Amino acid sequence: MKEIRDGSQANHMSKSASSDSNPLVLDVDDFKGNFSFDDLFGNLVTELLPSYLEKEADSSESHGNIVGIDALSNGNLRSNAGKSAQGLSSPLFPEVDALLSLFKNSSTQLVDLKRQVDGKLNNLKKEVAVQDLKHRKTLAELEKGVDGLFGSFARLDSRISSVGHTAAKIGDHLQSADTQRESASQTIELIKYLMEFNRSPGDLTALSPLFTDDNRVAEAASIAQKLRSFADEDIGRQKTTVSSAVGNATSSKGLEVAISNLQEYCNELENRLLARFDAATQKRDLTRMGEYAKILSQFNRGTSAMQHYVGLRPMFDVEVMNADAKLVLGDEGAQPSPSNVAKGLSSMFKEITDTVRKEAATIAAVFPSPKDVMSILVQRVLEDRVPKLLEKLLQKPSLVNPPPMEEGGLVLYLRLLAVAYEKTQEFSKDLRSVGCGDLDVEGLTESLFLPHKDIYVECEQASLKQLYKAKMDELRTENQLSSESSGTIGRSKGASMALSNPEISVAVVTEFVRWNEEATSRCSLFSLQPATLAASVKVVFTCLLDQVSQYITGGLERARDGLTEAAALREKHLLGTSVSRRVAAAAASAAENAAAAGESSFRSFMLAVQRCGSSVAILQQYFVNSLSRLLLPVDGAHAASSEEMATAMSRAENVACKGLQQCIETVMAEVERLLSTEQKATDYRSPDDGIIPDHRPTSACACVVAYLSRVLESAFTGLEGLNKQAFLTELGNRLHKALLNHWQKLTFNPSGGLRLKRDITEYGEFVRSFNAPQIDEKFEQLGIIANVFIVAPESLGPLFEGTPSIKKDAQRFIQLRDDYKSAKLASRLSSLWH
C-alpha cells in the first residue's frame, strides 16, 4: 500500500507540473506515510529538468572512471575542452524561471496546508479536553462506588469474625464443661477408690477388682499414684489451712489411713512388678520387660526399677571384680609392672565398655528413659567396680618411710598411678561415646584420683631423692669393689674421699635427666591448668638441679683430691742440699713417682671437667627443649628457673676453678723440677774452642716441652671456649715467669746465648698452640733479650733503643753475662739505664 500511495503521489504531482496552465496542487494526503523530501523534490522537477538529470548521471560515471582517462591521447582531451567552451555561449540553467514559479506555488500551498492542519489540531484538542473531563467524572463516581463496596466487605468481615469468636467461646465452654464433667467423673471414681483404702489400717481385702486383677496392673498402678497424689495434696492443705482442731484432726486421721494403705499397696504392687520384671529379664523377653518397665516408671519415676536392673547386672559380681584384680595385678604377692598393668587395664576396660554397649542396646529397647538408666549404670561402674580395683592397685605410700627400692620404691607407685590415670581417662571417653545420659563422667573420673593427686608433687620430690640416693649407693659400691680388686683400698686419705664421691659420668647425668623427664611427663598428665603445671615442673626441675650440682661437684672434688694428694707427695719428698747420694737418689725416685701421680691426677681432673661441661650442656639442652614451653605461659617462671639453674651450676664452677688452679700448680711444679734436675750449669757456657756450636735445644728444654705437650693434651680436649683460653693464658704467664726465674740462676757466654735463643724459640713454638697473643709477645721479647749474650759489649747500648719496655729484664740478663765484671759492663751501661 505504501508503494501504491507513493506512486499515486508522484503521478499526481507530475501531472500537475506537466502543464504550465494548471498550477501544482498539494494535498495533506501527500505527506502521510513514510514521507521523503528527496522523493517529493525529484517528482517536482523530473519533467522540467530531464536533460540535467542525464548530465548528472554522465558526470557521475565519468568521475568513477577518472583513472582510465589518463590512458587517452592528448587530442581527445583537447576535443572535450573545445566542446565545453562552445557550451558556455548558451544559458547555463534555462529552466530556472519555471522552477521558481513552481517553488513559489508549492510554498503557498504548503502554508495553506499548515493552517488547515493547525485548525484540525485545535479542534482535536478541544474534543480531547471534553472527553477527559467526562472520563474524570466517571472515575470519581467509580471510586465512590468501590469505597462503599470496601466498607460493606469490612462490615461483613467484622460480623464473620464476631461470629467466629462467639463460636470459639462456645466451643471452649463446651470443652471446659466436658473436661470438668470428665474430671468430676474421675474425681468421683477416685473418691470411691480412696474410700476403699480409707476403711481401716492394713485392710486391703475389700478392694475393687481393679486392684486385684493381674491383667489390669498398669491401670491399677496409675490410679494408685493418682490417689496418693490426691491424698498428699489434701494433707498439705490441711497443714496450711487455719481450721478447728477437731476438724483438722479428723481429716488428717482419715487421709493418713488412706495414705498408709496406699503406700502398702503400692509397695506390694511394685515388688510384684519387679518380680515379674526379673522373670522376664531371665528369659530375655524384651517385650515383657518393656511393659513392666513402663508401668514401674510410675513409681518414683522408675528409679527403683532402674537401680534394681543395674544392681543385678553380672558385671558387678564379686567374682568378676576379683578376676579384674588378677588380670591387672597378676598373681598374689607378685610385684606389678607398669607395662603389665597397662595391658591389664586396657583389657579390663575394653571388656567393661563392650558390656556397657550391649547393655545400652537392651536398655534402649526396654526402659522409657534409657538415658537415666545409662547414667545409673555408668555411675555404678565408676563408683564401684573401678574404685575397688584402684584401691588394690594404688596404695598411698608413706613419705616418711617410703617403700624400699627393692620393692620398686616410690617411682613404682608413681608409674602405676600415671598408667591407671591415663587408662581411666581413656575409659571415661569410651563410656561417654557409648552414652551415659547427663552424668559428669570426666568429673567423676577425676574424683577417683584426687586423694593421690593431693600429694603427687611431694611424692615426685621424694621419689627423685630416693632414686638419687640409690644411684649414689650403687656407684660407691662399684668403686669400693673396684678398689678392693685393685688393692688400693685404704692406701691414702683420698681413697675414702673417692669412695664418697664417685667420678663424673655423662651416662649418669643422662639418667638423672631421664628421671626428670619422666616426672615432667607425669606433671603434664596430672596438671590441667598452665599455672599448676608450671609450678609442678619447677619443683621437679629444682630436684634435678640439686642432683646434677651435687653429683658433678662431688666428682670435681674427687678429682681435686687427686691433685691435692699429688701435691702432698711432692712436698713430702723435698730435700735440703746436705744429704747423702743414696738419700738423694731415693728422693729423686720418689719425686718422679710424685710427678707421675701429679700427671695422672691432672688428666683425671681434665677428664672430670670435660664430663662436667658435657653434663651441663645436656642439662641446658633439656631445659630449653623440654621445659621452656611449659614454663613460659606463666610470668616469671622461666626466668626464676633459669636463675636457679645458674646458681646451682655456680657451685660446680667454683670447684672447677680451684681445681684448674691446682692443675697449673701441678704442671709448674713439674716444670720447675725438670728445669732444676735436667738443666746443667754448662749448658749455656760452651767453651769457645772452635767446635761447631750445638743448635739443638738443651735437655731441660726438650724435657719440659715434651712434658707440657704430653700433659696438656688432656687440657686441650677437656677445656673449651673462654675456660680454655683463660687456663692457657694463666699457664703461659706462669711458664714465662718460671723460665725467667730459672735463667736468673745461670751465667751465659755468646755460644750459650745462641743456645738459649734456641731454647726460647722451642718454648715459643710450643706456647703458640695456646692461641694467646700476649703470651706469644712475651716469648718474642725473650728472644730479643737473649741477644744481650750474643753481641759484643760495645753493641749493647743501641740494642734496646727501640724497645724501652724490656730494658728492665734486659738489665737483669746483662748481669748474667760471664764477662759482666771483666768487661766492666755496669759502668759502661750506667748511662743507658738512667
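A crossing of two helices is called left-handed if the near helix is turned anticlockwise from the far one by less than a right angle, and right-handed if clockwise. The close-ups below come from a predicted model, in which local features need pLDDT of at least 70, side-chain atom pairs count only at pLDDT 80 or more, and totals for chains, interfaces and linings use all residues. Residues are numbered from 1 along each chain as its sequence is written, and side-chain values use heavy atoms, with hydrogens and water left out.

**View 1. Helices α12 and α13 cross each other.** Take α12 (residues 338–366) and α13 (residues 370–393): they pack at an angle of about 160°, and their axes are 11 Å apart. That makes α12 roughly antiparallel to α13 (a label for angles over 145 degrees). The crossing of α12 past α13 is right-handed. Helices here are DSSP runs of H or I, at least four residues long, numbered from the N terminus.

**View 2. A salt bridge joins Arg 385 and Glu 351.** A salt bridge is a side-chain nitrogen of Lys or Arg within 4 Å of a carboxyl oxygen of Asp or Glu, and in this pair the N to O distance is 2.9 Å. Arg 385 belongs to helix α13 and Glu 351 to helix α12, so the bridge ties together parts that are 34 residues apart in sequence. Arg 385 is buried, at 1% relative accessible area, while Glu 351 is partly exposed at 35%. (Buried means under 20% relative accessible area, exposed over 50%, and partly exposed in between, using a 1.4 Å probe and protein chains only.)

View 3. Asp 384 is buried at 12% relative accessible area, whereas Arg 380 is partly exposed at 28%.

**View 4. Phe 41 is part of a nonpolar surface patch.** Patch residues have over 30% relative accessible area and no salt bridge, with nonpolar side chains (Val, Leu, Ile, Met, Phe, Trp, Tyr) joined within 5 Å and like charges within 9 Å. Helices α2 (37–45) and α6 (96–197) each supply at least two residues of the patch. Phe 41 lies in α2 and is partly exposed, at 37% relative accessibility.

Terms used: Accessible areas come from the Shrake-Rupley method with a 1.4 Å probe; for residues, only the protein chains shown count as cover. Axes are lines fitted to C-alpha atoms, for helices over the stretch in contact, and angles run from 0 to 180 degrees between N-to-C directions. Angles under 35 degrees count as roughly parallel, over 145 as roughly antiparallel, 65 to 115 as roughly perpendicular and the rest as oblique.
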